[in-house]
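Work through the exercises below with the sequence and the structure in view, and try each task before reading its solution.

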Amino acid sequence: MKLFQHIIRICKWARGSVVFALLVALSLYMQFIQVKHKQNVVDLLFSSVFYLPQSAISSVRQFGNLSRENTFLKKENAKLKLEVDLTKEYVIENERLKKLLLFESHWDYPIFLAQIIGHNPGPYMTTVVVNSGASDSIFYGMPVFTTNGLVGKVSKVFPRHSMVQLLSDPNSRTSVISQRSRAMGTMFSRDNGEMQVQVSSYADLVTGDTLVTSGFGGIYPKGIPVGVVNKGEKDNSEILSYRGVELLQQVESLEEVFIIRKNMDWIVWDGE
Amino acid sequence: MLKLIFYSFLFFVAAILQTLIVPHIEIMNAQPSFLLILTIITALRQGSLAGCFMGFMSGLLCDVYAPVEWLGAFSLAYCTVGFAVGQIEESFINLNLFPKIIVLALADFLKDAIYFFSIGRTTVDISGAIVSISVPNAIYTVILGAICFYFFSPKTERKIEMYKPGL
């Protein structure tokens, strides 16, 4: 029985040795054939024995490449989107600056561009903060406007920023004039934020009339568009009447304003 | 038949690991050889015949990705290693984890020695290549091989125990 087992083991070993010898011979044969034949052998192996592993490897690599490409394209897409957005911004800015150029030609004063960096807290906007101050030669009382219309005036100046009192501030009074009938009045804001113009009862002021600055206050130059009369209301005194005004420049959507570098023509003092 | 499918699957997995994963887990130019680990595991579990055949296939896979001038060098190296380790398996049936690791390390050096000897007739400085390439690769392969042996070990032991009475 032991002899039989030994014979089986020898046969098994011999079988292994024969196969080993054949494989070694095959390896040596592959080493010594010509290079062009070696290339044929490699091609043959890829298309037969290693077809499945190679196709799996290729698929995984392709998947990896797709994943990388996807990531790259996403980044590229985000970058391009940003560039498109920036371009849109530049187009809008360009339009604004073109309008400003046209606007500036009407005035003898230099105009300064400032960014809005904050506003007062609370339900009604009465003050905004701009990023220009005394270091930019901004002084108290300078008119602030946009290409749509008047915004307000500089009310406080700090070295690097300033506060702008808006027309919607209840403490603000602006002398205005009707572009059509030249009827004069004083525009102010009620406590609820509604803008009104106070004119004499017999003044020719109808809904749709555009109001511009009169230039009488000493702060704003004459002719800056301010608002449009949108409704009328007779005062009980029958001397004065109040008309609703819709401002041409809504301050909620403001990002930047222009400041006219103009000192006040005169100051009206209350009291002594 | 089931064994053939099982080892073919292992070869398939090792081929993917070797080709796709190894370049990403390279440490200071040292790369492990999953194909060598598979060859050693096959040889230790199934004997020299299976070992040398698995080694030949693994070597052939390395050959097709190596420069075409050296075709056959890896086949010879892996096949020889598979056969030699299979002989060890047949002589010393019950190998523990530590001797297996020693066998793997020696097998790695033997494989590289045969490979460099095969291609040495061209341009490569064999001793320098063994020191600069083989040693780091062998260390990395041995570490990963030890983990693989650890996971394959209980099954191997049970298998040996099952076959012992039949011998």
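**Exercise 1. Find how many salt bridges cross the interface of chain A and chain B, and then describe that interface.**

Across the interface of chain A and chain B, the rule finds 0 salt bridges, a salt bridge being a side-chain nitrogen of Lys or Arg within 4 Å of a carboxyl oxygen of Asp or Glu. Before going on, note that this is a predicted model, in which local features need pLDDT of at least 70 and side-chain atom pairs count only at pLDDT 80 or more, while totals for chains, interfaces and linings use all residues. Side-chain values use heavy atoms, without hydrogens and water, residues are numbered from 1 along each chain as its sequence is written, and chains are lettered from A and ligands numbered from 1 in the order in which they are written.

Next, count the polar contacts: 3 residue pairs, both at pLDDT 80 or more, are in polar contact between chain A and chain B (a pair of N or O atoms within 3.5 Å; within protein, one must be able to donate a hydrogen and the other to accept it, and residues adjacent in sequence count only if both atoms are side-chain atoms).

Then ask which helices of chain A take part: helix H1 (2-32), helix H2 (35-47) and helix H3 (51-104) each supply at least two residues of the side that touches chain B, where helices are DSSP runs of H or I with at least four residues, and strands are runs of E with at least two, numbered from the N terminus. H1(A) gives the most to this side, with 16 residues.

Finally, consider the area: chain A and chain B bury about 2,900 Å² between them, 76% of it on carbon and sulfur atoms, buried area being the accessible area (1.4 Å probe) that two parts lose on being put together, summed over both. In chain A, the residues that lose the most area to chain B are A:Phe20, A:Gln31 and A:Phe50, together 21% of what that side buries.

**Exercise 2. Determine the order in which the 6 strands of the barrel in chain A close.**

The strands follow the order E1-E2-E5-E4-E3-E12, with antiparallel pairing (two strands pair if DSSP finds at least two bridges between them). To see one such pair, look at strand E1 (residues 111-119) and strand E12 (residues 256-260) of chain A, which 5 bridges join; here A:Phe112 stands opposite A:Ile259 in E12(A).

**Exercise 3. Locate the turn residue with a positive phi in the hairpin of E7(A) and E8(A).**

First, 4 bridges join E7(A) to strand E8 (residues 195-200) of chain A, and the two run antiparallel. Between E7(A) and E8(A) lie 5 residues, and A:Gly193 in the turn has a positive phi of about 90 degrees.
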